[in-house]
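Hi everyone, thanks for coming along. I'd like to walk you through a structure that may be new to you, so please have a look at it first.

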Amino acid sequence: MSLPILVIGGGGHARVLIDGMLLQGRTIIGYTEMDTGAKREAILGVPFVGGDDCIHRYSPHELLLVNGIGSIGSPERRRKIFESFKSKGYSFYSFVHPSAILAPTAQLGEGVQIMAGAIVQTGSSIGDNTILNTKASVDHDCNIGNHVHLAPGTTLSGSVHVEDGVHIGTGATVIQQIHIYKNSIIGAGSVVVKDVMAGRTVYGVPAKEVKV
């Protein structure tokens, strides 16, 4: 029997996840929000159940968590939530939208979110708490780290290595055999044709480092 799900967060990304999980027929207990003062409506019939601290009402063995916090520019808040609840014994559900395409040899970490229309080709691996957003495409033999966000419409060619904490913006393209080091940001629409060093922000066609 599948465990019920509790979603952390109630913004746009959480709503998309809830919609997809309802398509899968999953049971969703509710969603939480840090700001408990504002009035919260149900999302597609899924009720607001309180602040993030209400998760502790449940034993880690009673449910699965879904990290519904989006990643705009930096996945840091998502990472902190994931690591905090993992340290307390909770497990995260790995969501794969029914319309996504995964090769049989693709490897997925815990709490991965593969959104509508995304593609993961043979030999590729996706790390924990990573988002492949709508229509993101990961070609063969790519290695994607933990807490990464591939925004909608991103394209990775074959044998790309993306380290932990990287954000790749909407519509960006990365050519084959590129290495993107940890905590880097790739601007929307960029074309990456050479390696990106750790903590750098690059943008443009071809992508070049920019100061932020």
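Let me start with a question: with which side chain does the side chain of His149 make a polar contact? Keep in mind that we are looking at a predicted model. The partner is Asn133, and the distance between the two side chains in this polar contact is 3.0 Å.

Let's stay with His149 for a moment. You'll find His149 in strand β14, which covers residues 149-150. Is His149 buried or exposed? With a relative accessible area of 6%, His149 is buried, because buried here means under 20%. And who surrounds His149? If we set aside the neighbours within four places in sequence, the residues in contact with His149 are Ser71, Ile131, Asn133, Val166, His167 and Ile168. There is also a note from the records: an unreviewed UniProt entry places the feature "binding site" at His149.

Now please turn to a sheet elsewhere in the numbering. Here 5 strands make up an open sheet, ordered β7-β10-β13-β16-β19, with parallel pairing. The edges are taken by β7 (107-108) and β19 (179-180); each has a single partner strand, so one side of each has no neighbour in the sheet.

Strand β7 runs parallel to β10 (residues 125-126), and 2 bridges join them. In one of these pairings, Gln107 has Ser125 in β10 as its bridge partner.

Notes:
Residues are numbered from 1 along each chain as its sequence is written. This is a predicted model: local features need pLDDT of at least 70, side-chain atom pairs count only at pLDDT 80 or more; totals for chains, interfaces and linings use all residues. Side-chain values use heavy atoms; hydrogens and water are left out. UniProt positions are given in the numbering used here, feature names are shortened, and annotations may be inferred rather than shown by experiment. Helices (H or I, at least four residues) and strands (E, at least two) are DSSP runs, numbered from the N terminus. Buried means under 20% relative accessible area, exposed over 50%, partly exposed in between (1.4 Å probe, protein chains only). Contact means heavy atoms within 4.5 Å. Two strands pair if DSSP finds at least two bridges between them. A polar contact is a pair of N or O atoms within 3.5 Å; within protein, one must be able to donate a hydrogen and the other to accept it, and residues adjacent in sequence count only if both atoms are side-chain atoms.
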